[in-house]
Amino acid sequence: MNFRPRTKEEPEINLIPFIDVLLVILIFLMLTTTYSKFTELQLTLPVADTEQQRDHPKEVVVAVAADGRYAVNKAGVDGKSVDAVARALREAATAIGKDSVVIISADAMSPHQAVVTVMEAARRVGLTQITFATQSSAGARAGNGAR
């Protein structure tokens with residue numbers, strides 16, 4: 001029989017696997033976290049630095065108000081449907097010609113669907129040249145200067 005007292009070994013905590021697990025969790029959280037600053041972007045559209053608009057006789061200007069109302073060449077359109085806008089575009093295009101350019105002048109706060117409706121109406125009428133009116137960034141800061 002061995003009656004000698006045994007030397008007690010100190011318990012040891014190995015930190016390397018613990019650190020490895022924490023690093024994996026940290027990387028996982030970094031990759032799966034949604035960044036709230038991307039959802040809080042304040043957008044003010046449209047603004048662009050452009051040249052002064054030239055007078056083109058073959059233009060059809062479609063204005064889209066913030067509440068979704070339409071006006072084609074400063075004449076109001078009855079209704080908000082694609083057919084109503086297409087009728088107004090067809091009348092304006094026959095007076096000007098089929099190779100006219102549609103200029104969509106939409107309010108920055110107008111619904112996206114309203115602009116898409118104008119684009120669909122232009123496609124139905126056969127007007128394929130579409131552009132968007134913007135204001136210069138200096139005019140946007142001053143509150144005027146639409147081009």
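Modeller: Happy to, and please keep in mind that this is a predicted model. Let's start at strand β4, residues 101-106, which runs parallel to β5 and is joined to β5 by three bridges. Within that pairing, Ile-104 has Phe-132 of β5 as its bridge partner. Stepping back, β4 and β5 belong to an open sheet of five strands, ordered β3-β2-β1-β4-β5, with mixed pairing. Its edges are β3 (75-76) and β5 (130-132), each of which pairs on one side only.

Now for the helices. Helix α4, residues 112-125, lies across β1, β2, β4 and β5, at about 170° to β4. Helix α3, residues 82-96, lies across β1 (59-64) and β2 (70-72), and runs at about 155° to β1.

Arg-124 and Asp-83 meet in a salt bridge, 2.8 Å from N to O. Because Arg-124 sits in α4 and Asp-83 in α3, this pair ties together parts that are 41 residues apart in sequence. Arg-124 is partly exposed at 43% relative accessible area, and Asp-83 is partly exposed at 44%.

Arg-123 is exposed, with 55% relative accessible area, while Glu-120 is partly exposed at 24%. Through shared partners, salt bridges join Asp-83, Glu-120, Arg-123 and Arg-124 into one network.

Key. Residues numbered from 1 in each chain as written. Predicted model: local features only at pLDDT ≥ 70, side-chain atom pairs only at ≥ 80, totals over all residues. Heavy atoms only, no water. Pairing = 2+ DSSP bridges. Helix = DSSP H or I, 4+ residues; strand = E, 2+ residues; numbered from the N terminus. Contact = heavy atoms within 4.5 Å. Axes fitted to C-alpha atoms, helices over the stretch in contact; angles between N-to-C directions. Salt bridge = Lys/Arg side-chain N within 4 Å of Asp/Glu carboxyl O. Buried < 20%, exposed > 50% of the residue type's maximum accessible area, 1.4 Å probe, protein only.
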